[in-house]
Amino acid sequence: MSEISRRLFLKKGVAGLAAIAVAPELVSCTGQDSDGTNVRQFAPLAGKYDVVVIGGGPAGFIAAISAARQGARTALVEKYGFLGGMATAGYVAPISVFAKDNELVIGGIPWEFVKRLESMGGAFIEWPKANIDFDIELYKLCCQRMVLEAGVELYMHSSLVGCEMDGKTVSSIIIENKNGLETLEAGRYIDCTGDADLAHMAQVPMQPNPDNELQPSSFCFILSGVDTKSDLLNKCMYHNGINGPSQCRPVREKLLALKEAGADIPDFGGPWFNNVLHEGSVAVNITRRAADSTDNRNFTSVECSLREDIFRFAELLRENFPEFRNAYVSSTAPQAGVRESRRILGVHTVTAEEYVNGFRYEDSISRGIHPIDIHASSGTKQVRIELEQPAYVPYRALIAPDFPNLLVAGRCISTDRQALASLRVMASCMGTGQAAGVAAAQSIASGKSVLDIDISRLVETVRGLGAII
């Protein structure tokens, strides 16, 4: 490799390509490096689109379907070889929460997905809250089918490694996969990475975190060989609020007593045992450690510790509960689940006061009904505040001032920590994804920036899709 090639790769390669975004003076809006070398030599253009969605989780795959169905030529970039995000990459179950007292709060394409998955034998709807138990593999298949049927072009096994900026406008993104470095151009971009990766690269201001505190990560896993017909499991592995708390209190109390007596028991949450539609198997959410998913070294170290914790808890369950006597870890999630990381400082920040009081904005585009659910970063405590009425999410929480072609959806929208503790759940992420896809397509069709689109038309269109706003 020539000297000039080596320098360019180090500056904009897998390890350092984000320098294009975080130091925009290094690149002109034409994509040339400061020494005159064209970036396309090392990251050739792979496609031009109206809308590119980054991240194929609950917000992302819904956003891609939404944009494509509105007529936008759409691409979806996903780092794994499957879609579904925390549902399929994190084994987070169930999908929470679509309804209150048997009445839907989140509808449209998200609910269409649920019903499609149910028709495939891959979902069980737990009324009156409409929490959705699901088969992980059928979830992946249903996502894939709906995205491809909408005409979305997929870039799987592809990681976002940089972007090029023209002022505050994202002119292209650079991805890395087995083809090498590639560039995608679009008129509009939707960041559904959960960690606001594209927004961060584009230097969008983020919500302050003066206490430097984040909710902990949990590494979920599947236990098989479990007596799922037992009274213990039947009372806690359904999250409908009818059979008692979804948190398995007998197991929790026993583990706390053992810990108090000096047993070697890591910090834990719940535990929550979740139905995966297969007799003898449950998804387990119990592990808990403070982690920063935006710091590779920290997250790697924490995941290693959490994996040890998984097998320690499996051992404890086998030793102390007859329902788990024959249980074994049959699968661990591809990654630990993330409750909290970066959130943009948007045109409007949803506050806990607005959220809990059900404040309705003129630009409301989605809703939420999951309790505000804050897990302590250490220890076993959890703060949970039930909502008396469904809350609203404004479109302005999906966009940032001065960034004309960038939207976010899902966990990285503009909220305070307390509102995030409800809106981070998957049904709510799907709702904001649906709105972001419509907004991006509308922005392209009208030739207006995402900051200047016709809000009344956006709200009308989202409502027409079935959003309950």
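This is a predicted model: local features need pLDDT of at least 70, side-chain atom pairs count only at pLDDT 80 or more; totals for chains, interfaces and linings use all residues.
1. In which sense do strand E11 and E13 pair, and over how many bridges? Strand E11 (residues 221–224) and E13 pair in the antiparallel sense over four bridges. Here strands (E, at least two residues) and helices (H or I, at least four) are DSSP runs, numbered from the N terminus, and two strands pair if DSSP finds at least two bridges between them. Within E13, Ala-283 stands opposite Ile-222.

2. Residues are numbered from 1 along each chain as its sequence is written, and side-chain values use heavy atoms, with hydrogens and water left out.

3. Strand E12 (residues 268–275) also pairs with E13 in the antiparallel sense, over five bridges. Phe-273 has Val-284 in E13 as its bridge partner. The hairpin of E12 and E13 has five residues between the strands, and Leu-277 in this hairpin takes a positive phi near 70 degrees.

4. Strand E13 (residues 281–287) is largely enclosed by the rest of the structure, because seven of its seven residues are buried. Buried means under 20% relative accessible area, exposed over 50%, and partly exposed in between (1.4 Å probe, protein chains only).

5. Helix H3 (residues 58–69) is likewise largely enclosed by the rest of the structure, because 11 of its 12 residues are buried. Among the buried residues are Pro-58, Phe-61, Ile-62 and Ile-65. At 1.5 Å a residue, H3 should span 16 Å, and its end C-alpha atoms are 17 Å apart, which agrees; the expected span is 1.5 Å times one less than the number of residues. Gly-71 follows H3 and has a positive phi, near 100 degrees.

6. Ser-305 is found in helix H9 (residues 296–320). This residue is partly exposed, with a relative accessible area of 25%. The C-alpha atoms of Ser-305 and Arg-288 are separated by 9.8 Å, the two residues being 17 residues apart along the chain.

7. The second largest pocket holds about 170 Å³ of space. Its lining includes Met-206, Pro-208, Leu-214, Asp-292, Glu-340, Arg-342 and Arg-343. A pocket is an open set of points on a 1 Å grid over the protein atoms alone, where a 1.4 Å probe fits, with protein on both sides within 12 Å along at least five of seven lines; lining residues have an atom within 4 Å of a point. The volume is the space filled by probe spheres set on the points, which are joined across faces, edges and corners.
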